[in-house]
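Please keep the sequence and the model open while reading.

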Amino acid sequence: GHYQIGTECEPCEGSFNYSIEGATGCYHCYNGYQINGAKNGCSPCPPGTFNKDPETKNCSACPKDWTTSGYGKETCDVKLDTIMYCEQIRESSSVGEMNFYPVQAGQQSRAPCPNNKESSAVRQCNAQAEWEEPDITECDSINTGKIKKITVESEDSVNDLKEKTKDTNVIAPKDIEIVVSKMKGDEMKHVFNSSTTTSIKGLAENSMAVMSNMMVASRSSPTNQKKEKSTDCDSALIPLL
């Protein structure tokens, strides 16, 4: 978002210009694109959106009964009553609410992840013009950042994992992978080996509760059902028993 003048860096004027490292000027996007979140480049408008004035606007949703034939369009070039298509759908999931714009049968629609907008959820419109389940594996939940920060090094940290994962309705596929990795690591074995006889029962109960949360979440998430992530949760219990 800055450019160089001599030895000084100046911010780009306006909200719709960008720059790259070492640039001596600012740039704007081509039609059909919009400036990205980092303000260092452009991203194509997703299907169902358009942009013919990228110097002053971001991508906008197509009018009712219209969509686009793909990414990076400056106009809505397809009338929906002339093709088979999946209608726009707004849906809540474990990562938050997402809005998938209409696309033609056989195409994918992308929606920004609610908690990490630089990534996207992907949803396929199949050949019968029916939406398939969304792929949300790139999306963070509201707790992903907190879960990442927990280092399994004590009984208290295992209890923290249990508390952060007890609401299985907001456990993202990404969270499951992170938690399973933590529970299968050498750190977890060290926590068990360093526990006292009187505390190991509580530690085991908390560990089982964490993995139980992961199994419930994996079986309730369409993405995880498709990829059968629950087997990872089951195997993570083996070193704990």
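The text below takes the disulfides, then a loop serine, then a helix valine.

**Disulfides**

The model is predicted, and the number of disulfides in it comes to 5. In general terms, a disulfide is a covalent bond between the sulfur atoms of two cysteines.

| Pair | Sulfur-sulfur distance | Torsion about S-S | Handedness |
|---|---|---|---|
| Cys29 and Cys42 | 2.1 Å | about -95° | left-handed |
| Cys86 and Cys125 | 2.1 Å | 90° | right-handed |
| Cys113 and Cys139 | 2.1 Å | -70° | left-handed |

Where does the pair Cys113 and Cys139 sit in the chain? Cys113 belongs to the loop between S13 and S14, and Cys139 to the loop between S14 and H1, so the bond ties together parts 26 residues apart in sequence. Both Cys113 and Cys139 are buried.

The disulfide of Cys29 and Cys42, with sulfur atoms 2.1 Å apart, has a torsion of about -95° and is therefore left-handed. This pair links distant parts of the chain, 13 residues apart: Cys29 is in the loop between strand S2 (8-11) and strand S3 (33-35), while Cys42 is in strand S4 (residues 42-44). Cys29 has a relative accessible area of 2% and so is buried. Cys42, at 29% relative accessibility, counts as partly exposed.

For Cys86 and Cys125, the torsion of 90° goes with a right-handed link. Here too distant parts of the chain are joined, 39 residues apart, with Cys86 in strand S9 (residues 85-86) and Cys125 in the loop between S14 and helix H1 (144-149). Cys86 is buried because its relative accessible area is 1%, and Cys125 is buried at 0%.

**Ser119**

Ser119 lies in the loop between strand S13 (108-112) and strand S14 (120-124). Is Ser119 buried or exposed? Its relative accessible area is 18%, under the 20% limit, so Ser119 is buried. Beyond its neighbours within four places in sequence, Ser119 is in contact with Ala111, Pro112, Cys113 and Glu138. Of these contacts, Cys113 is a member of the disulfide with Cys139.

**Val210**

Val210 is placed in helix H5 (residues 200-220). With a relative accessible area of 0%, Val210 is buried. Which residues does Val210 touch, not counting those up to four places away in sequence? They are Val158, Leu161, Lys162, Thr165, Val179 and Met183. The C-alpha atoms of Val210 and Val158 are separated by 8.0 Å, although the two residues are 52 residues apart along the chain.

Key:
Residues are numbered from 1 along each chain as its sequence is written. This is a predicted model: local features need pLDDT of at least 70, side-chain atom pairs count only at pLDDT 80 or more; totals for chains, interfaces and linings use all residues. Side-chain values use heavy atoms; hydrogens and water are left out. Helices (H or I, at least four residues) and strands (E, at least two) are DSSP runs, numbered from the N terminus. Buried means under 20% relative accessible area, exposed over 50%, partly exposed in between (1.4 Å probe, protein chains only). Contact means heavy atoms within 4.5 Å. A disulfide is a pair of cysteine sulfur atoms within 2.5 Å.
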